[in-house]
Amino acid sequence: DAPGPQPGGALLRGPCGVRRLTPRETERRQGLPDDYTLVEYRGKPAADGPRYEAIGNSMAVPVLRWIGRRIMAVDALIVLPDLPLLPDLDLGLLPA
């Protein structure tokens, strides 16, 4: 199955084309809590555009957590090579 919009492609389409992710879905993809960017601006909830921009300027929290834990694990191996890794050091990709 070829990816993309060509016939037989695996790209999912709705009646009006590819569905845009909601701000809540983009927050979840970045590891943020639901409605994290839903702040009040001039007495009203923030519009979707600025929310997408704020989310786009962020870094994915689960990925940064994973990288940090990997650095800690490697540092522990280099500094104390004879000691085993801490058993509670989770090196998985799931958020803590």
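**Entry 1: salt bridges**

I counted the salt bridges and found five in the structure. The model is predicted, and I read every value with that in mind. I kept the general idea in view: side chains of opposite charge can pair when their charged atoms come close.

I started with arginine 19. Its side chain meets that of glutamate 25 in a salt bridge, at 3.1 Å from N to O. Are the two partners buried or exposed? I looked up each one. Arginine 19 counts as exposed because its relative accessibility is 56%. Glutamate 25 has a relative accessible area of 24%, so I noted it as partly exposed.

**Entry 2: arginine 51 and its partners**

Next I turned to arginine 51. It forms a salt bridge with glutamate 27, and the closest N and O atoms are 3.2 Å apart. Where do the two residues lie? I placed arginine 51 in helix H2, residues 48-56, and glutamate 27 in helix H1, residues 23-29. The pair therefore ties together parts that are 24 residues apart in sequence. I then checked burial, and both arginine 51 and glutamate 27 are buried. For arginine 51 I noted a relative accessibility of 6%, which is why it counts as buried.

Arginine 51 also meets aspartate 35 in a salt bridge, at 3.8 Å from N to O. This pair links distant parts of the chain, 16 residues apart. Arginine 51 is in helix H2, while aspartate 35 is in the loop between H1 and strand E1 (40-41). Aspartate 35 is partly exposed, because its relative accessible area is 28%.

Which residues join up in a network of salt bridges? I wrote down Arg24, Glu27, Asp35 and Arg51.

**Entry 3: rings**

I searched for aromatic pairs and found zero in the structure. I did find a charge over a ring. Arginine 20 lies over the face of tyrosine 52, at 4.3 Å from the ring centre.

**Entry 4: backbone**

I went through the phi angles. Most residues other than glycine have a negative phi, and most peptide bonds are trans.

I had already placed aspartate 35 in the loop between H1 and E1.

Where does arginine 42 lie? I found it in the loop between E1 and strand E2 (44-45). Arginine 42 is exposed, because its relative accessible area is 72%.

**Entry 5: the chain as a whole**

I finished with the overall picture. The chain has three helices and two strands. Read from the N terminus, the elements run α-β-β-α-α.

How much of the chain is buried? I noted 15% of its 96 residues. Arginine 51 and glutamate 27 are both buried.

For contacts, I took those between residues at least 6 apart in sequence. Of these, 40% join residues at least 24 apart. Last, I looked up the surface. The chain exposes about 7800 Å², and carbon and sulfur atoms supply 62% of that area.

Methods: Residues numbered from 1 in each chain as written. Predicted model: local features only at pLDDT ≥ 70, side-chain atom pairs only at ≥ 80, totals over all residues. Heavy atoms only, no water. Phe/Tyr/Trp six-rings, centres within 6.5 Å; stacked < 30°, edge-to-face > 60°. Lys NZ or Arg CZ within 6 Å of the ring centre and 35° of its normal. Salt bridge = Lys/Arg side-chain N within 4 Å of Asp/Glu carboxyl O. Buried < 20%, exposed > 50% of the residue type's maximum accessible area, 1.4 Å probe, protein only. Helix = DSSP H or I, 4+ residues; strand = E, 2+ residues; numbered from the N terminus. Contact = heavy atoms within 4.5 Å. Areas by Shrake-Rupley, 256 points an atom, 1.4 Å probe, with all protein chains shown as cover.
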